[in-house]
Amino acid sequence: MKILIVISELKYSGAAKIAAWLANSLAESDLDVTLLTFLGEKDSQIVNKNVKQVKIKIDDTSRWKRTLKAIRQIHKTIAKHKYNVLISFLPLEGFVSVLASVHTKTKVIVAERSDPYNEKSIPANIFRFFFRFADGAVFQSSGAMAYYPRKLKQNSRIIENPVLRSNVPMIPYEDRYDEIVSVSRMEIKQKRQDLLLKAFAIVAETKKTVKLKLIGDGPDMDDIKALSKELGIYEQVIFIGKSSDVLKEISHSKVFVFASDFEGMPNAILEALSMGVPVITTDYSPGGAIELVSAKERGFVVPRGNEKLLAEKMIYTLNHADRAAEMSANAVEIYTDNSETEILKRWMEYITHIAHCEMKRGAED
């Protein structure tokens, strides 16, 4: 079977990480896999040698002209190589892929990696409208799936992200630092580092030696640092920036905190659980945190925007080492629930289903 995976660029992001993982894993399973990008030339993800790569270079200052050129170039690639299934990641890529596959026999699977309820803009709305013309879709939660028309949902699947194996050892809970860690892009509107810092300021009133470690970079880094100074906690906050060894950074911490208002399925939470770090997270839209964390006693889920409750759960976890150690033991069970073998099996079963599906594309509802 010939598979084409389309993503605009292999940047340092959750979607790009999973796109590269899927390409590598499918190729290792003896499928003919091509990974196509059409914006960025430099890869921040590792792509194995048995994955073919197509990099379309488009020089144009107009966003819509670049998009139209991408559609034409991808259509030519599909027509030439006659792929059985195309898998696109993210809204722009889904829009481009659906149109590029017109008048071909290639089936299209769109992969929703964010929150369609909150990621609102005229382009994003247009891109997602065209998802209904795909042959199928992969979602990370039932909440994200509920956004789309009935016909697309009927031929779609919920497939969570895998937990990628690593050689980083899990540190016994009692040997960890008095440290709270968070991993995310430094972008306050979505990731809510403002909420996290205000909550930590409450923790710091009584926990003078506890540190907050922030991993990641982004456009709001200066504002976040300024807020930590304004709150009087700058000396207790460690700004790591972008890290090439996130798991090692996470492994020494006693608590992982995630304050986002909306997400797809956060790889950072999966990584923290895999290191046996109890997770405190908001009930980010469109959902999934309860099933991933609190329902399996791996941590706590608090309402979005509630800094006092976020702080309360941090203090509780730090004060109750025995309970935290239990949550730590439960956390590593994520390796069974979301193992690479299990998630790949679900992807391959669904790809095979779509490849042989005779349903016609189209929208209802």
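**Close-up views of a predicted model**

**View 1. A backbone nitrogen beside Gln140.** In this predicted model, a polar atom of the Gln140 side chain lies 3.2 Å from the backbone nitrogen of Met265. The Gln140 side chain also makes a polar contact with the side chain of Asn161, at 3.1 Å.

**View 2. The setting of Gln140, in the loop between β6 and α5.** Strand β6 covers 136-139, and helix α5 covers 142-145. Gln140 has a relative accessibility of 8%, so this residue counts as buried. Neighbours within four places in sequence are left aside here.

**View 3. Helix α8 packs with helix α13.** Two packed helices are described by the angle between their axes and the distance between the axes. Helix α8 spans residues 193-206, and helix α13 spans residues 307-319. Their axes are 8 Å apart, at an angle of about 50 degrees. That angle is why α8 counts as oblique to α13. The crossing of α8 past α13 is right-handed.

**View 4. Residues at the contact of α8 with α13.** From α8 come Leu195, Leu196, Lys198, Ala199, Phe200, Ile202 and Val203. From α13 come Glu307, Lys308, Leu310, Ala311, Met314, Ile315 and Leu318. By class, eleven residues of this contact are nonpolar and three are charged. No polar residues take part.

How values were computed. Residues are numbered from 1 along each chain as its sequence is written. This is a predicted model: local features need pLDDT of at least 70, side-chain atom pairs count only at pLDDT 80 or more; totals for chains, interfaces and linings use all residues. Side-chain values use heavy atoms; hydrogens and water are left out. Axes are lines fitted to C-alpha atoms, for helices over the stretch in contact, and angles run from 0 to 180 degrees between N-to-C directions. Helices (H or I, at least four residues) and strands (E, at least two) are DSSP runs, numbered from the N terminus. Angles under 35 degrees count as roughly parallel, over 145 as roughly antiparallel, 65 to 115 as roughly perpendicular and the rest as oblique. A crossing is left-handed if the near helix is turned anticlockwise from the far one by less than a right angle, and right-handed if clockwise. Contact means heavy atoms within 4.5 Å. Ala, Val, Leu, Ile, Met, Phe, Trp, Tyr, Cys and Pro count as nonpolar, Asp, Glu, Lys and Arg as charged, and the others, Gly among them, as polar. Buried means under 20% relative accessible area, exposed over 50%, partly exposed in between (1.4 Å probe, protein chains only). A polar contact is a pair of N or O atoms within 3.5 Å; within protein, one must be able to donate a hydrogen and the other to accept it, and residues adjacent in sequence count only if both atoms are side-chain atoms.
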